[in-house]
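Please keep the sequence and the structure in view while reading.

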Amino acid sequence: MPGKLRDRGRDDSARFSTATRLRLLGEQTAERVYRSQTKRQARRSRLTGRAALLALVVCTLVVALAYPIRQYVSQRGEIADLQRQQQQAKERVDRLRDEKARWQDDAYAEQRIRERLHMVMPGETGYVVPDARATSSGRPDQSPAERAWYSNVWDGVDKADQAAAN
């Protein structure tokens, strides 16, 4: 029997013409292409819906978390600034404590007083060396805190004189 089926298959294919065979092949190919396209479209539509839902969820999360994250970042920056300021304040306090301790020493206080006020002890000879950076008016180009106290006094007298003359 198996032989008969084989013969029959050959007879059927022999009975059809080439044009019929080509038409059948074209129909089968078209059917396969159509099936694969419908499967692809079904897959695309299913993935597109999921992708749209995922995109919606991600956008919602981004919108919901944008403000808190911005606040978190700005607060972290403020904390860093405050910590830096605190460290600078501690360093300044340490410097001031050191300076206070130095001023407690009589020798240091005497040295600073003699330097600032240009005072000399009895029996010593005091010299004032003119500043090489002096301006054309003969006065040093310094802020009032850096100049000798008597220079500031004379500047005040000069300014009062000029105001009275005008």
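In which helix do D81 and R84 lie, and how many residues apart are they? Both belong to helix α2, where they are three residues apart, about one turn of the helix. The model is a predicted one, and in it D81 forms a salt bridge with R84, with 3.5 Å between the closest N and O atoms.

**Salt bridges**

| Pair | N to O distance |
|---|---|
| R35 and E31 | 3.0 Å |
| D81 and R84 | 3.5 Å |
| E124 and R114 | 2.2 Å |

Side chains of opposite charge can pair when their charged atoms come close. For R35 and E31, the setting is helix α2, which spans residues 18-104; because these two residues are four apart in that helix, about one helical turn separates them. R35 is partly exposed, having a relative accessible area of 41%, and E31, with a relative accessibility of 47%, is also classed as partly exposed.

The salt bridge between E124 and R114, at 2.2 Å between the closest N and O atoms, has another setting. This pair links distant parts of the chain, since R114 belongs to helix α3 (106-117) while E124, ten residues away, is placed in the loop between α3 and α4 (149-165). E124 counts as partly exposed at 39% relative accessibility, and R114 is partly exposed with a relative accessible area of 26%. Through salt bridges that share partners, E110, R114 and E124 are joined into one network.

Is R147 buried or exposed? With a relative accessible area of 17%, R147 is buried, because the value falls under the 20% limit for that class. R147 is located in the loop between α3 and α4, the loop that also holds E124. The side chain of R147 is joined to that of N152 by a polar contact of 3.2 Å, and a polar contact of 2.7 Å joins the side chains of R147 and D155.

Definitions and conventions
Residues are numbered from 1 along each chain as its sequence is written. This is a predicted model: local features need pLDDT of at least 70, side-chain atom pairs count only at pLDDT 80 or more; totals for chains, interfaces and linings use all residues. Side-chain values use heavy atoms; hydrogens and water are left out. A salt bridge is a side-chain nitrogen of Lys or Arg within 4 Å of a carboxyl oxygen of Asp or Glu. Buried means under 20% relative accessible area, exposed over 50%, partly exposed in between (1.4 Å probe, protein chains only). A polar contact is a pair of N or O atoms within 3.5 Å; within protein, one must be able to donate a hydrogen and the other to accept it, and residues adjacent in sequence count only if both atoms are side-chain atoms.
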